[in-house]
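I opened my notebook and went through this model piece by piece. Below is what I looked up.

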Amino acid sequence: MVLERVMHVEDDESIRAVAEIALTDVAGFELLSCDSGQRALAQVEAFAPQLILLDVMMPQMDGLQTLAGLRQLPSMAQVPVVFMTAKIQQAEKQQYLDAGAIAVIDKPFDPMLLGDTLHGLYQQYLEQQ
Amino acid sequence: MQQPEIPKNEKQRLAALLNSALLDTDAEPRFDRLTSLVQQCLATEIVLVSLVDTQRQWFKSRQGLNACETNRDISFCGHAILADDIFEVSDASQDVMFADNPLVTHAPFIRFYAGAPLHFQSQRIGTLCIIDPKPRQLSLSERHLLRQFADVIEQEIADRLQQHSQQQLAASELMYRSVLEGTRIGTWQWNVQTGETVFNERWAEIVGYGLDELAPIDINTWLSLAHPDDLAASGKLLEQHFSGELAFYDCKCRMKHKNGHWVWVHDRGQVVSWTADNKPLMMYGTHADITEQKQAELALKASRDQFQTLVANIPGITYRCKADKHWTMLYMSGSIDPLSGYPATDFINNSVRSYASVIHPDDHERLDLAVGQAINDKQSWLLQYRVMHKSGAIRWVEERGRAEYNEQGEVSFLDGFILDITEEKTLKQQLLKLTSQLPGVVYQYQQWPDGRACFPYASANIQKIYGALPEQVKDDATAIFGKIYPDDLAGLANSIELSAANLSLWQHQYRVCLDNKKTIWVSGRATPESIPDGSTLWHGYIEDITTSKQHYLELERLNKEYQLSQQRLEMASETALIGFWQASLKTGELWWSPVIYQIFGFDSNITPSVALFKSTLHPDDRHLVAESEQRALQSGLHDVVHRIIRPDGNIRWVHELARLLPAGDSPDQVLVGSVQDVTERMQLQQMKDAFISTVSHELRTPLTAIKGALGLLHSGKLGQLPEKVQKLIEVANSNSERLAQLINDLLDVEKLAAGKMPFDIQPLLVQAELQQAVDNLQPFAGLHQATIALQPIVAGLKVQADSLRLQQVLTNLLSNAIKFSPKQAKVLLTAKRQQNKVLFEIVDCGAGIPVDFQSHIFERFAQADGSNQRQSGGTGLGLAICKELVQQMGGNIGFDSVPGKGTTFYFALPVKPDTIN
């Protein structure tokens, strides 16, 4: 199975804009871009992404809380989640993996390589299942 | 006239005459009656009992004649005694032998003479003669009558003598009896054959009885009173006397006194008559009380025995010798035997050897001189010298002697006493050896109440302690007291007085000033003894304790310093909230310092225990502590930071740092450690971490957008841009890369400095790691028109490292090499085993590193040109980070560079031990 539908949750508008071009124009994914965890939880089921790209530091509901919320949704229980964040201390990264993320992508990210990275992670994820 | 002849046996005859005891005695009726009877019976004018003496004839009895003697030459009796028959001259005037005899020619005008010889003891000692002035012839009956009268006279002579003897005996007995009474000697008479015995009163008195009390007396009386033990000896003496072996029976024995005590008696007797068959019959003897004499004798004997025992027991030899050349020995006691191996008799009169002969030859001259000098000075001598024992052994002796002088002042004898002092000498030598081994002085110190003092004995080391020789202080200790450190003198004197007064052990430490101006510390210790002359004698030991005293003083100073630093430490530990503790993992025993109560918020009266400590652990951190304890069992180091919950509910951070004592020192698995309240530090750290995290995040977020946007523009995906715009986009893009790298490097530097960079050390295949680095850097190399040449690596070579960090180092060094290489250049990458390391090398052929800069190359923010235009485009932190990473993975890093020719960077990391060469 090939990765086609990706949901990106990111409160920073600038980054959202860059990511959107990178994931759609460069990588060619079908993208749902949300500016908060709450909006993501509200729209995720309708969109039914194959992979979710989550920021960590967001107001009201951070990435980890959003992940927890997603896992509450039956259809989202197994969907792979990748954190893309600037909070990349070793301990922080471990925390995300422990919470159930399959990988962490450091910010700043390379917009030209982001799509390839997600493809690779998704294939890895499928192989492990 | 014919003189009478002298008989042949004249000598015996005269002896018999003398024995008759008649000559020159008074007239006696017994003879005169008989001569008178002869006068009448034979009708003669003159009758004489004439005794023929040497020169005369003397008349014991005479009738009809006044003269009492006439000369033997003219005597008729001188002729009459020449034969046994009656000598008769009928008419002397007609006889040629007598006619001119003056007794014939003158008065009494003898004509007739007849003499019958008188015998005594078979000798003719004289005659019974009759004389008439008229011639006459005796008839046969008349001759017979004369002879009979002569026989009666002979009998009278014998009787008279016996009677006389008896009288004399009686007188002598009386005398002896008086003497005996006077001497208080008892007498006895014993009929050996019948046992009949007579004692005198004195005999009985000696044993306390009257004679009547002892009646009836016989030999059994003696036997019953004699001491039973003495009977055998008495019997033997009797036998010897009876057999003639002993002239007298002479016996001293004990007899039982009436009062029960024993009296010593001396019996002496002799057999006075024998039976016909030669058995002893009568025996007479004396019986003397010799109790006093015997007691005196016994006392004397006892005293002599005592003296002899005394002499024998004296542990030495007494002698007296002549003052001659050979010292001729007159007396020498028996103790010479054990000393010399020769008996004393050998030396008496130098009979076998002289005493000088056993004296060691080397000592002779010295002894002769000393004795000679002493004799001259009339002094006694005291000498020590060697005597050679018969066995060859050498014995040391001490001799005290003195000469005895006579009234003229000449030496009569030498008297002396010799004592074997070998043992003492040996002991002295042993003592000397022993004391010479001791570092201090062994001594005796004596002090009198008047203040006099001396050291009767001191070992040689007294010179070391006081700088004085033993001989110098033997009689006077003054020299010593002059050496005592003035400030210590009073204290020393007091301590001695106190010891003397209480007879208590003397112990004192004081200083002594030696002659070389050096002051030493000494310590003395001695036991006092009270001496009858009022003095006190100490036996003790003094040693130089200068070194240990200095150590002690130093120790005291250090101790004070230690106490001070202890106080400072306590203050510091209180201020820094560091507590100390000691715990046994085996027994659970725990000790902790007061600060711990403060840190843990415990009540001060609570008893420390491991269980109590564990109860304070924050539940989330229990595993941290347990893991650290486990590690401590392996590594010996317990190092953990964890939280505790105090009794008031307050949560605090503590840092425990402890070491497990080596098993040999502590079988109870004792951990000794400190605990510090690091709550504030932890809070600061947390704040710092949060700050860095936040700063990092907040920098990266806008950078993400900028870099992303530039990246997209630069990629051309969004359409071709004018050339100038494209150029500016490139500049912006590469600088945003630098900014991102700078943020990453800063975070790494901070982590490395704080030791918080985690490393996951694994065995890594070198080939794979190098290949990955080459792959990662390939695009970058392409950009710089450089190539990376990976040299062949030994298959299977593994290195112990964290893959992520190894890649970080390789990437950094490779990107540097690429950056500093000219276009079209080649960068070599290689790795090989070097002993227990893997050596990585990155070789470029760039410009090399300027010499001035080489020493700064691993410093932070160091760049060689220092200009604003940086060809390299690095952050200035890369090599500093590489160095930290390599070192923290147990390796080392360096470079070789020749300016203008290129640079080789190398680093070495531990090889995986079982890796193939």
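This is a predicted model: local features need pLDDT of at least 70, side-chain atom pairs count only at pLDDT 80 or more; totals for chains, interfaces and linings use all residues.

**Chain A, first pass**

I read along chain A and found the pattern β-α-β-α-β-α-β-α-β-α. My tally for chain A is five helices and five strands. Helices (H or I, at least four residues) and strands (E, at least two) are DSSP runs, numbered from the N terminus.

Residues are numbered from 1 along each chain as its sequence is written, and chains are lettered from A and ligands numbered from 1 in the order in which they are written.

Next I checked burial. Of the 129 residues in chain A, 38% are buried. A residue is buried if 20 or more other C-beta atoms lie within 10 Å of its own, exposed if 12 or fewer, and partly exposed in between, with C-beta atoms placed from the backbone.

**The sheet of chain A**

In what order do the strands of the open sheet in chain A lie? I read β2-β1-β3-β4-β5, with parallel pairing. Two strands pair if DSSP finds at least two bridges between them. β2 (30-34) and β5 (103-106) of chain A are at the edges; each has a single partner strand, so one side of each is left without a neighbour in the sheet. The twist averages 20° from one strand to the next.

I zoomed in on one pair. β1 (residues 5-9) of chain A runs parallel to β2(A), joined by five bridges. Opposite Ser33(A) in β2(A) I found His8(A).

**Asp55(A)**

UniProt lists Asp55(A) for "modified residue: 4-aspartylphosphate", in an unreviewed entry. Such annotations may be inferred rather than shown by experiment; positions are in the numbering used here, and feature names are shortened. I located Asp55(A) in the loop between β3 (51-54) and α3 (63-72) of chain A.

Is Asp55(A) buried or exposed? Asp55(A) counts as buried, because it has 28 C-beta neighbours inside 10 Å. Leaving out residues up to four places away in sequence, Asp55(A) touches Val9(A), Glu10(A), Asp11(A), Gly63(A), Met84(A) and Thr85(A). Contact here means that the C-beta atoms of two residues, placed from the backbone, lie within 7 Å.

**Where chain A meets chain B**

I then turned to the contact. Chain A gives 20 residues and chain B gives 18 residues. On the side of chain A that touches chain B, α1 (13-26) and α4 (90-99) each supply at least two residues. α1(A) gives the most, with seven residues. By class, I read eleven nonpolar, three polar and six charged residues on that side of chain A. Ala, Val, Leu, Ile, Met, Phe, Trp, Tyr, Cys and Pro count as nonpolar, Asp, Glu, Lys and Arg as charged, and the others, Gly among them, as polar.

Which helix of chain B packs against α1(A)? I found α23 (residues 679-715) of chain B, at an angle of about 35° and with the axes 8 Å apart. Axes are lines fitted to C-alpha atoms, for helices over the stretch in contact, and angles run from 0 to 180 degrees between N-to-C directions. From α1(A), the contact includes Ile15(A) and Val18(A); from α23(B), it includes Ala705(B) and Leu712(B). This contact of α1(A) with α23(B) has seven nonpolar, four polar and no charged residues.
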